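Let's take a friendly walk through this fold together. Have a look at the sequence and the model below before reading on.

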Amino acid sequence: MARFIVYLEPAEEGGYIASVPALPGCVTQGETKEEALTMAEDAIKGYIESLKKHGESLPLGLDKAEVETVTVDVA
């Protein structure tokens, strides 16, 4: 079992966009945060299945990621 960081961003048209930085191009959306996370889980599973089907290896260090917040003055 692997853990993935999922970024949730409010979409301009409503709902949320979910992206998985460890898996380039793995992006989906949902009307609520919960739906976006469920869709992200499905997208991750599909991404991994595609890697396996094409004989590609999983990116390394998926469980080693850390998330920090940086505040920058933009004024």
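Against which strands do the buried residues of helix 1 pack? In this predicted model, they pack against strand 1, strand 2 and strand 3. Let's see how that picture comes together, beginning with the sheet.

The three strands make an open, antiparallel sheet in the order 1-2-3. Strand 1 (7-10) and strand 3 (27-30) are the edges, and each has a single partner strand, so one side of each has no neighbour in the sheet. On average, neighbouring strands are turned by 25° against each other, with direction ignored. Strand 2, residues 16-19, is joined to strand 3 by four bridges in the antiparallel sense, and here A18 stands opposite T28 of strand 3.

Now for the helix. Helix 1 (residues 33-53) lies across strand 1, strand 2 and strand 3 and runs at about 150° to strand 3. Its 21 residues reach 30 Å from the first C-alpha to the last, close to the 30 Å expected at 1.5 Å a residue. The buried residues of helix 1 include A36, A40, I44, I48 and L51. Seen down the helix axis, the buried residues fall within an arc of 110°, so they line one face of helix 1. On the other side, E34, E49, K52 and K53 are exposed. Just after helix 1 comes G55, with a positive phi of about 70°.

Finally, step inside. The largest nonpolar core has six residues: F4, V20, L23, C26, I44 and I48. Leaving aside residues up to four places away in sequence, V20 touches F4, I5, V6, C26 and I44.

How values were computed: Residues numbered from 1 in each chain as written. Predicted model: local features only at pLDDT ≥ 70, side-chain atom pairs only at ≥ 80, totals over all residues. Heavy atoms only, no water. Core = buried A, V, L, I, M, F, W, Y, C linked by side-chain atoms within 4.5 Å. Buried < 20%, exposed > 50% of the residue type's maximum accessible area, 1.4 Å probe, protein only. Contact = heavy atoms within 4.5 Å. Pairing = 2+ DSSP bridges. Helix = DSSP H or I, 4+ residues; strand = E, 2+ residues; numbered from the N terminus. Axes fitted to C-alpha atoms, helices over the stretch in contact; angles between N-to-C directions. Expected span 1.5 Å × (residues − 1). Arc of directions from axis to C-beta.
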